[in-house]
Amino acid sequence: MKKVRREMKALTVYYSRKGENYFSGNIRNIAKGNTEIVAEYINEAVGGDIFEIETVKEYAKDYTKCTEEAMAEKKANARPELKRIPDSIDAYDVIFLGYPNWWGTAPMCVFTFLEAFDFAGKTIAPFCTNEGSGMGVSEKDIKNMCKGAKVVSGLSIRGSEAQVSKNRAVAWANEIMK
């Protein structure tokens, strides 16, 4: 008897910052966040659902003030309240998890999201945007938080290159879905 391989179902989850962002030494105002751009490329390639993490209390519009807020949250190991979360992640096999690298790891609101679910048996594929700091310790932090999940090697994209990262993002995501 021939085994039928079940298609894996993906959920692309991301937190992204619109407005003032850092680009190779300069602050620029952007209408769509860099991580959101990469998340859309991934979701378009692998299908499934997409979910944006949004905080109840918005971060400062000023880039420098936002970085100060992010550092204070990290130092406090804060868990900012989210506007909403999915009812369940049970139907998904692979979770593509996107975020900007804030102070060497994911923003604390991403950890709020992760703590809301049991990821045992799931594959988590982290991807982050940054201007040279790579994944930082975010992969390790995710592994520590999501016991029983398989956390694959993440994809690091320079935020200033998000618009032209489609081929890299799609190739990486398709490899994970094999």
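Modeller: Gladly! Helices and strands here are DSSP runs, numbered from the N terminus. Keep in mind that this is a predicted model.

Colleague: Which residue just after H1 takes a positive phi?

Modeller: That is Gly 47, with a phi of about 75°.

Colleague: And how far apart are the end C-alpha atoms of helix H1?

Modeller: They are 19 Å apart. Helix H1 covers residues 34-46, and at 1.5 Å a residue its 13 residues should span 18 Å, so the two values agree.

Colleague: How many residues of H1 are buried?

Modeller: A residue is called buried when its relative accessible area is under 20%. Ten of the 13 residues of H1 are buried, so the helix is largely enclosed by the rest of the structure. Among them are Ile 37, Val 38, Ala 39, Ile 42 and Asn 43.

Colleague: Now a strand, please. Is Thr 12 buried or exposed?

Modeller: Thr 12 lies in strand E1, residues 10-14. Its relative accessibility is 0%, so Thr 12 counts as buried. Leaving aside neighbours within four places in sequence, Thr 12 is in contact with several residues, including Ala 39, Ile 42 and Asn 43.

Colleague: What tends to happen to nonpolar side chains?

Modeller: In soluble globular proteins, they tend to be buried together. In this model, the largest nonpolar core has 31 residues, and Ile 53, Val 110, Phe 113, Leu 114, Phe 119 and Ile 142 have the most contacts inside it. Several elements each supply at least two residues of this core, among them E1, helix H2 (63-76) and helix H3 (108-115). The largest share, six residues, comes from H3. Apart from this core lies another, of 21 residues, among them Val 94, Phe 96, Ala 125 and Val 152.

Colleague: What does Leu 114 contact, leaving aside its neighbours within four places in sequence?

Modeller: Leu 114 is in contact with Leu 97, Phe 119, Ile 142, Met 145 and Cys 146.

Colleague: Let us finish with Lys 147. Where is its place?

Modeller: Lys 147 is in the loop between helix H4 (138-145) and strand E7 (150-151). Exposed means over 50% relative accessible area. Lys 147 has 58% relative accessibility, so this residue counts as exposed.

Conventions
Residues numbered from 1 in each chain as written. Predicted model: local features only at pLDDT ≥ 70, side-chain atom pairs only at ≥ 80, totals over all residues. Heavy atoms only, no water. Helix = DSSP H or I, 4+ residues; strand = E, 2+ residues; numbered from the N terminus. Buried < 20%, exposed > 50% of the residue type's maximum accessible area, 1.4 Å probe, protein only. Contact = heavy atoms within 4.5 Å. Expected span 1.5 Å × (residues − 1). Core = buried A, V, L, I, M, F, W, Y, C linked by side-chain atoms within 4.5 Å.
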